[in-house]
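Work through the exercises below with the model open beside you. Each task is followed by a stepwise solution.

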Amino acid sequence: MSKGHTPSTETRRPDKAALVIAVFLAALGGLIYWDASRLASMGGYSGIGPATTPFVIAGGLLILAVWTVFEALRGDFPARDRQEVAPVVWIVGGLALQMLLLKTAGFSIATGVLFAATAAAFGKRKLWMTIPLGILICLGVWLIFAGLLQLSLPAGPLEHLFW
């Protein structure tokens, strides 16, 4: 018995979501191709210049778009699970809070809140535990970046206690 594709008696409809993804990939590939074509071709003796990599990326995206169209028309994509909205809201809310708190509260507190929101999205809803844990982890990251690597991350009142 072969493991190849066995024809089904039912007719499969094209996958509309995959067609939308294919249109997005083609549009993004076309945009990158158009933008790369505006770059000056300073390839020198090798023919490779600043526009080479964007052309390769655009070509890859266009190939993926065509491939996605063929797969969408075949209708062989597996059934998708229902999208859970609550975890997405937790993560997007955590990102929004991080952006709002970054300048005033500093990196550790803002990113600790993002850590807690992401943990809540994955089911760990004990914010009284995840917020302090996230702040401590992020303070350690801030100390490594600011102290050892000499990179600048936004400092808040907590970071000023240590530096």
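**Exercise 1. Annotated spans**

Task: Take residues 107-123 and find what share of the chain is helix and how far apart the end C-alpha atoms lie.

Solution. Start with the ground rules. This is a predicted model, where local features need pLDDT of at least 70, side-chain atom pairs count only at pLDDT 80 or more, and totals for chains, interfaces and linings use all residues. Residues are numbered from 1 along each chain as its sequence is written, and side-chain values use heavy atoms, with hydrogens and water left out.

Step 1. Over residues 107-123 the chain is 88% helix and 0% strand. Helices here are DSSP runs of H or I with at least four residues, strands are E runs of at least two, and both are numbered from the N terminus.
Step 2. The end C-alpha atoms are 24 Å apart.
Step 3. Compare residues 85-101: 100% helix, 0% strand, with end C-alpha atoms 24 Å apart.
Step 4. Check the record. An unreviewed UniProt entry lists 17-34, 54-73, 85-101, 107-123 and 130-153 under "transmembrane region". Those positions use the numbering adopted here, feature names are shortened, and annotations may be inferred rather than shown by experiment.

**Exercise 2. Helix α2**

Task: Compare the reach of α2 with its expected span, then list its buried residues.

Solution.
Step 1. α2 covers residues 52-74, 23 residues in total.
Step 2. The expected span is 1.5 Å times one less than the number of residues. For α2 that gives 33 Å, and the helix reaches 33 Å from its first C-alpha to its last.
Step 3. The buried residues (under 20% relative accessible area; exposed is over 50%, partly exposed in between; 1.4 Å probe, protein chains only) are A58, L61, A65, T68 and A72.
Step 4. An α-helix has 3.6 residues a turn, so residues three or four places apart point the same way.
Step 5. The cover over the buried residues of α2 includes α1 (16-37).
Step 6. Zoom in on T68, which counts as buried because its relative accessibility is 16%. Beyond residues up to four places away in sequence, T68 touches A18, A22 and L25. Contact means heavy atoms within 4.5 Å.
Step 7. After α2 comes G75, with a positive phi near 75°.

**Exercise 3. The α3/α4 pair**

Task: Decide whether α3 and α4 are roughly parallel or antiparallel.

Solution.
Step 1. α3 (residues 85-105) and α4 pack at about 175°, with axes 7 Å apart. Axes are lines fitted to C-alpha atoms, for helices over the stretch in contact, and angles run from 0 to 180 degrees between N-to-C directions.
Step 2. The two helices are therefore roughly antiparallel. The classes are: under 35 degrees roughly parallel, over 145 roughly antiparallel, 65 to 115 roughly perpendicular, the rest oblique.
Step 3. Contact residues include W90 and G94 of α3, and A117 of α4.
Step 4. A117 sits in α4 (residues 107-121). A117 is buried because its relative accessibility is 8%. Leaving aside neighbours within four places in sequence, A117 contacts W90 and G94.

**Exercise 4. I135 and Q150**

Task: Is each residue, I135 and Q150, buried or exposed?

Solution.
Step 1. I135 lies in α5 (residues 127-148). The relative accessible area of I135 is 17%, so I135 is buried.
Step 2. Not counting residues up to four places away in sequence, I135 touches S108, I109, G112 and L158. The C-alpha atoms of I135 and L158 are 9.5 Å apart, at a separation of 23 residues along the chain.
Step 3. Q150 belongs to the loop between α5 and α6 (157-162). With 61% relative accessible area, Q150 is exposed.
Step 4. Phi of Q150 is near 60°, positive in a residue other than glycine.
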